[in-house]
Amino acid sequence: MQPAVQIDVDEASGIWRTDGLPMVYVPRHFMVNMHKEIEKTLGRDAYEAMLDRSGAKSAFFWCKRQSELLGASERDVFALYLRRLSERGWGRFSIEQLDLDQLTAQVTLRDSIYVLESEGQAAAPTCYMFEGFLIGAMQFVCAMRGIDPQAITCREVQCAAMGAAECRFEVSCVLTD
């Protein structure tokens, strides 16, 4: 199977682009090793908070840009975002549930790079990097619906590196009264 994402290479600069955005192609082990070293250096709590912020910001930017380019609905952009993550090799994401009225989502991840590179049974979920990605995608959904939530949370509630059949994430919004 060949990748479904098109990579456009600028002949003059050598910059790779997919979906109109600059990309970097790196080996999976590099990404996982870097992830582990940053976690060890900063501590998991601080690193997770940083990933939530940066992942959310990046996901929101990507979703907004694709919405502008494609004129697609928030549901379609959310689904396209997960499809693109899958096509770029992060793992195989699927939406189990996306409720636009309750602003909740359940997402399943199979073959996560963090699970595939894990060394035996993990003591804690390993795919928490994706929580920020899903928060940002839900921020986009809220923005498109004109909703300003007090908070958006995402938790990896099941992890294949801990023995589950797959990783599972739950996303929800805390709405202001």
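Reader: What is the order of the four strands in the open sheet, and how do they pair?

Author: The order is β4-β5-β7-β6, and the pairing is antiparallel. Keep in mind that this is a predicted model, where local features need pLDDT of at least 70, side-chain atom pairs count only at pLDDT 80 or more, and totals for chains, interfaces and linings use all residues. Residues are numbered from 1 along each chain as its sequence is written, and side-chain values use heavy atoms, with hydrogens and water left out.

Reader: What makes β4 and β6 edge strands?

Author: Each of them, β4 and β6 (151-158), pairs on one side only. A strand here is a DSSP run of E with at least two residues, a helix a run of H or I with at least four, and both are numbered from the N terminus.

Reader: How do you know that β4 and β5 pair?

Author: Two strands pair if DSSP finds at least two bridges between them. Seven bridges join β4 (residues 92-99) to β5 (residues 104-110), so the pair qualifies. For instance, phenylalanine 93 has leucine 109 as its bridge partner in β5, and leucine 98 has alanine 105.

Reader: And what about β2 and β3, how many bridges do they have?

Author: Strand β2 (residues 16-18) and β3 pair in the antiparallel sense over three bridges. One of the bridges links tryptophan 16 to methionine 23 in β3. They belong to an open sheet of three strands in the order β1-β2-β3. There, β1 (8-9) and β3 (21-23) stand at the edges with a single partner strand each, so one side of each has no neighbour in the sheet.

Reader: What hand does the crossing have?

Author: α2 passes α5 in a right-handed crossing.

Reader: Which residues of α2 meet α5?

Author: Among them are Leu51, Ala59 and Phe60 in α2, while α5 brings residues including Phe133, Ile135 and Phe140. Contact means heavy atoms within 4.5 Å.

Methods
Left-handed = near helix turned anticlockwise from the far one by under 90°.
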